[in-house]
Amino acid sequence: MSNGLVVVGLNHRTAAVEQREKLAVNADGADAAVRELVAMEGVREAMVLATCNRVEVYAVGDDAAKVAGAVRRHLHERGGASIAFYEHRGEEAVRHAFRVSSSLDSLVVGEPQILGQIKDAVASARTAGGLRVTLDRVMSRAFQVAKRVRTETGIAEGQVSVASVAADLARGIFGELRERKVLLVGAGKMALAAARTLARAGATLLVANRSFERAAALAQEHGATPHPLTDLPMLLQHADVVVASAAAPSYLLTKHDVSVAMKARRGRGLFFIDIAVPRNIEPAVGDLDSVYLYNVDDLEQAVAEGSSGRAVATERAEKLVAEELSAFKSEESAQKGAGPTIVAMRERYREVATAELERSLGGKLKHLGPDDRAALEAMLDALTNKLLHPPTAALRQAAAGGGGDALLLATRTLFALDAESGGGRKAGGHR
Amino acid sequence: MGQWFLAIAAAFYVLAAVFGLAYLAGTSERLPRTAMLTLAGAVLAHAVHDGARWVGAGLGPFAGLREAISSIALVAAVGSLVLGWTQPRMVTLVAFVGPVALVLLLASFGVDARPASPLSGALLGVHIASTILATAAFTVAFALAAAYLVQERQVRMKRLRGVFQRLPPLAVLDVATTRSVALGLAPLTVGIVTGVLAGLREALEHGAPIVSWRHILAVAVWVVFAVVMLLRVLAGWRGRRTAMGTLVGYATALVVIAGYALRGSGP
């Protein structure tokens with residue numbers, strides 16, 4: 001089953017932020033990308049994982065080479081032909097998914113954010129109709145592996161996070177942070193983590209966000225002062241540290257903006273941490289006197305050095321991933337027997353759902369526009385997946401345990417899988 | 001006997017600088033204390049040596065250029081010792097002050113020992129004491145400015161371990177440099193005024209020229225440091241610019257000292 005799984009992408013180790021930001025997508029963009037991918041020939045399932053450190057496409061099809069080719073074409077169209085991607089297929093792709101979810105492939109090994117980001121990507125792929133049997137199984141298992149790694153290896157203990165490195169850097173430049181002002185531009189998760197760390201050190205927080213309501217909510221939570229993004233030039237005159245993480249297609253702060261602010265600041269030092277991808281701050285800002293600019297890649301060395309003390313935990317985590325991969329492969333082989341029944345059951349449900357949907361869209365719901373129709377399709381897809389999850393899991397478990405024949409027979413009988421389906425197809429038989 | 005203390009002081013200045021540099025390089029976490037104790041040993045030996053010359057030969061700090069230069073090294077070392085003891089990360093100053101103190105100490109023995117100053121009495125005391133204090137403060141400012149430039153390079157090069165973690169924060173170094181320069185400017189002003197008064201007296205009594213090239217250089221030192229302070233207040237010169245200005249000012253001060261040393265200690 002996972003033989004047709006392919007991962008194509010780039011991360012903080014293989015591509016600089018300048019390249020990664022060309023492929024960066026927000027949640028809506030990820031949904032659209034998944035729809036585009038599953039519409040490509042040979043691609044049955046797809047999921048897009050886009051964080052500040054990586055952009056990866058997980059895709060499934062019958063011919064892995066064809067799927068990889070389609071994904072590469074898609075990525076090159078978006079990011080340009082010059083970008084180089086890594087690629088993993090089959091077992092290696094599963095291993096990669098396990099390592100990524102366990103934070104072994106992260107900039108900060110052991111950081112907890114990646115799991116939430118993968119969960120978001122899975123939810124997005126499910127909504128966009130990209131998540132079916134194989135990806136669902138691989139990702140569900142990846143979550144379990146991540147949980148085991150965190151609880152059994154202590155990989156997250158004493159970790160150095162981007163937030164703590166940012167705070168250390170700010171201290172290295174300003175000393176005590178008690179009377180310093182930290183400006184958050186945007187309200188990304190990493191920026192929030194950095195803000196919490198800096199606030200604990202006694203800094204005063206200012207929040208500027210495109211949505212003032214969001215800025216106000218965040219400000220209330222952290223005892224900060226909210227501002228609209230249009231206040232940025234004024235805020236730059238007062239802040240000592242700027243943590244930027246806003247989702248913006250172009251620079252929010254240019255060299256000219258900062259140069260003007262520095263004149264008003266009478267040369268007082270200003271420290272920028274730009275953890276947004278695409279970046280929020282023009283790189284040339286770092287050339288100005290008394291201005292220090294760090295982006296996500298710049299933090300890598302400090303973070304990696306800070307993580308070196310957890311080599312033992314990392315080694316244990318790698319062993320655990322290998323162990324889980326081996327178990328996954330064994331289960332997959334054992335479950336091959338249950339595969340046709342599961343596929344037939346899902347197809348039966350999907351056929352029914354599609355027929356009902358088409359009838360409704362041709363009748364009472366024919367006034368719906370393309371977006372509403374797509375949303376309705378996605379909802380039905382999600383509903384089908386959720387309804388079928390318990391019987392699918394039970395069938396797999398029974399097959400893996402070696403005693404699933406009775407359950408398989410019962411399923412085929414209960415769901416009438418050996419009878420002619422509504423679409424005229426005969427489900428794959430298995431006894 | 002005095003020469004022994006001189007040798008001990010010189011050796012301890014070298015060792016203190018080596019320990020300070022080794023700590024900066026990240027060799028051991030126990031080195032700061034060792035570096036500070038070694039610098040304290042150097043200061044003690046240096047003080048005993050100068051004290052012995054004062055008591056034994058009547059050559060106190062105001063006796064001549066040799067004694068004055070030696071006193072500058074001693075006061076600067078004491079200043080960095082106090083800074084290092086009161087502010088934890090300032091201990092790294094030892095790496096910068098140690099070599100300068102050593103060079104000044106050794107240089108003091110290369111100059112003409114004649115007490116050739118035309119000044120006398122209280123004016124002489126005020127002139128030399130204020131000049132010693134000013135130059136010692138500038139020596140500490142030089143060490144702080146050098147540390148600032150090293151630390152700023154670490155931040156710009158994104159080297160966030162080792163030296164970055166051991167040197168004081170940039171803002172702390174910037175403020176400390178400015179304070180040291182300000183601390184040196186006041187006595188230097190007094191030193192220049194007393195020097196000019198002495199020159200006038202000399203001109204009136206012996207017909208000597210009122211202004212010598214050494215007076216001009218001394219004023220140049222004052223001007224450089226005053227400009228650094230003025231631009232900080234008026235034009236927002238901070239950080240790197242303050243540090244560079246301080247280095248230029250200190251280099252000018254060293255040229256003045258070298259000028260006196262090479263051409264005799266007269267006005």
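How much space lies in the largest cavity?

## Cavities

The model is predicted. Its largest cavity holds about 200 Å³ of space, and a search of the whole structure finds 2 cavities of 30 Å³ or more. The largest cavity is lined by 17 residues, of which A:Cys52, A:Asn53, A:Glu111, A:Gln113 and A:Met190 are the closest to its centre.

Three helices of chain A, namely helix 5 (113–127), helix 7 (162–174) and helix 8 (189–200), each supply at least two residues of this lining. Helix 5 of chain A gives the largest share, 3 residues. By class, the lining has 8 nonpolar, 7 polar and 2 charged residues.

## Extent of the interface

Chain B places 20 residues in contact with 26 residues of chain A. Between them the two chains bury about 1,800 Å², with 50% of that area on carbon and sulfur atoms. B:Arg156, B:Lys158 and B:Arg161 supply 34% of the area that chain B buries against chain A, more than any other three residues.

## Polar and charged contacts

The count of salt bridges between chain B and chain A is 2. In one of them, B:Lys158 pairs with A:Asp298, and the closest N and O atoms are 3.6 Å apart. There are also 14 residue pairs in polar contact between the chains.

## The chain B side

On the side of chain B that touches chain A, helix 5 (121–156), helix 7 (170–206), helix 8 (213–235) and helix 9 (240–263) of chain B each supply at least two residues. The largest share, 6 residues, comes from helix 5 of chain B. This side divides into 10 nonpolar, 3 polar and 7 charged residues.

How values were computed: Residues are numbered from 1 along each chain as its sequence is written. Chains are lettered from A and ligands numbered from 1 in the order in which they are written. This is a predicted model: local features need pLDDT of at least 70, side-chain atom pairs count only at pLDDT 80 or more; totals for chains, interfaces and linings use all residues. Side-chain values use heavy atoms; hydrogens and water are left out. Contact means heavy atoms within 4.5 Å. Buried area is the accessible area (1.4 Å probe) that two parts lose on being put together, summed over both. A salt bridge is a side-chain nitrogen of Lys or Arg within 4 Å of a carboxyl oxygen of Asp or Glu. A polar contact is a pair of N or O atoms within 3.5 Å; within protein, one must be able to donate a hydrogen and the other to accept it, and residues adjacent in sequence count only if both atoms are side-chain atoms. Helices (H or I, at least four residues) and strands (E, at least two) are DSSP runs, numbered from the N terminus. Ala, Val, Leu, Ile, Met, Phe, Trp, Tyr, Cys and Pro count as nonpolar, Asp, Glu, Lys and Arg as charged, and the others, Gly among them, as polar. On a 1 Å grid over the protein atoms alone, a cavity is a set of points where a 1.4 Å probe fits but cannot get out, and a pocket is an open set with protein on both sides within 12 Å along at least five of seven lines; lining residues have an atom within 4 Å of a point. Grid points are joined across faces, edges and corners, and a volume is the space filled by probe spheres set on the points.
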